[in-house]
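Biologist: I would like a close look at a single part of this model. Please take the aromatic residues and the elements around them, and keep it brisk.

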Amino acid sequence: MANEKKYYVVWQGRKRGGYDNWTDCKAQIDAFAGARYKSYPSPAEAEAAFRAKPPAFQPKPKEIRRKSGAGSPIKDSICVDAAWNTATGAMEYQGIYFKTGDLLFKQGPFADGTNNVGEFLAIVHALGYCKNKGLFLLPIYSDSRNAIGWVQKKKANTKLEHTPRNAELFDILTRAEQWLRDNSYRNPILKWETRDWGENPADFGRK
């Protein structure tokens with residue numbers, strides 16, 4: 001029998017927020033001292049729980065990862081990140097030129113979004129930016145494995161519910177998927193290794 005879908009809330013970890021899969025949740029709390037998190041059966045319950053005080057008991061991760069030994073990140077690159085507002089449920093994303101810290105783009109906030117959707121849109125936005133500027137080999141970093149996988153498959157495999165409030169966001173999501181189908185790119189899309197390198201330079205710094 002297949003496992004039921006779960007939604008995760010991280011109150012204390014590398015990045016606070018809601019996550020719709022264990023992989024992204026675990027990346028925030030694995031080997032993080034004092035991590036506080038919990039799973040819920042629905043997005044609504046997870047959002048309500050995040051706004052409340054965290055439960056007293058938090059299960060420990062089943063394993064502790066060691067550093068990946070990923071070396072150093074490439075300075076000549078774009079780093080992207082998304083942020084989910086715990087009070088409003090709004091999402092926004094941005095892209096930073098790593099070498100100088102310059103802000104290249106910033107979009108949102110969009111109502112009723114998720115971190116993964118924001119990360120996906122940020123990567124596609126960065127790809128479009130690079131294509132327009134002729135930066136065909138510039139690497140793009142994201143700390144979301146899910147979003148990177150979605151881009152590779154040209155499809156955002158989100159469980160986010162379509163509501164009147166997030167109609168604009170879903171329209172942008174559809175156009176991003178279409179852009180991926182209509183365009184080719186050579187930019188490497190790389191995983192930002194938070195355990196080795198610290199926080200993603202594009203992080204919104206709202207922990």
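Modeller: Start with the cluster. Phe 98, Tyr 141, Trp 192 and Trp 197 form one aromatic cluster. Rings of Phe, Tyr and Trp (for Trp, its six-membered ring) pair if their centres lie within 6.5 Å; planes under 30 degrees apart count as stacked, over 60 as edge-to-face, and the rest as tilted.

A word on the ground rules. This is a predicted model: local features need pLDDT of at least 70, side-chain atom pairs count only at pLDDT 80 or more, and totals for chains, interfaces and linings use all residues. Residues are numbered from 1 along each chain as its sequence is written, and side-chain values use heavy atoms, with hydrogens and water left out.

The structure holds ten aromatic pairs. One of them joins Phe 98 and Trp 192: the ring centres are 5.5 Å apart and the planes stand at 85°, so the pair is edge-to-face. This pair links distant parts of the chain. Phe 98 sits in the loop between β5 and β6, and Trp 192 in the loop between β8 and α6 (194–197), 94 residues apart. Helices (H or I, at least four residues) and strands (E, at least two) are DSSP runs, numbered from the N terminus. Phe 98 is buried, with a relative accessible area of 15%. Trp 192 also counts as buried, at 1%. Buried means under 20% relative accessible area, exposed over 50%, and partly exposed in between (1.4 Å probe, protein chains only).

Another pair is formed by Phe 120 and Trp 150. It is edge-to-face, with 6.2 Å centre to centre and 65° between the planes. Phe 120 lies in helix α3 and Trp 150 in helix α4, 30 residues apart. Phe 120 is buried at 0% relative accessible area. Trp 150 is buried at 7%.

Now the sheet. Five strands form an open sheet in the order β6-β5-β4-β7-β8, with mixed pairing. Two strands pair if DSSP finds at least two bridges between them. β6 and β8 (189–191) stand at the edges with a single partner strand each, so one side of each is left without a neighbour in the sheet. The twist averages 20° from one strand to the next. Tyr 141 of the cluster belongs to β7, where it stands opposite Cys 79. Two bridges join β4 to β7 (residues 140–142), and these strands run parallel. Ala 83 lies in β4 (residues 78–84). Ala 83 is buried, at 11% relative accessible area.

Helix α3 lies across β4, β5, β6, β7 and β8. It runs at about 150° to β4. Axes are lines fitted to C-alpha atoms, for helices over the stretch in contact, and angles run from 0 to 180 degrees between N-to-C directions. Contact means heavy atoms within 4.5 Å.
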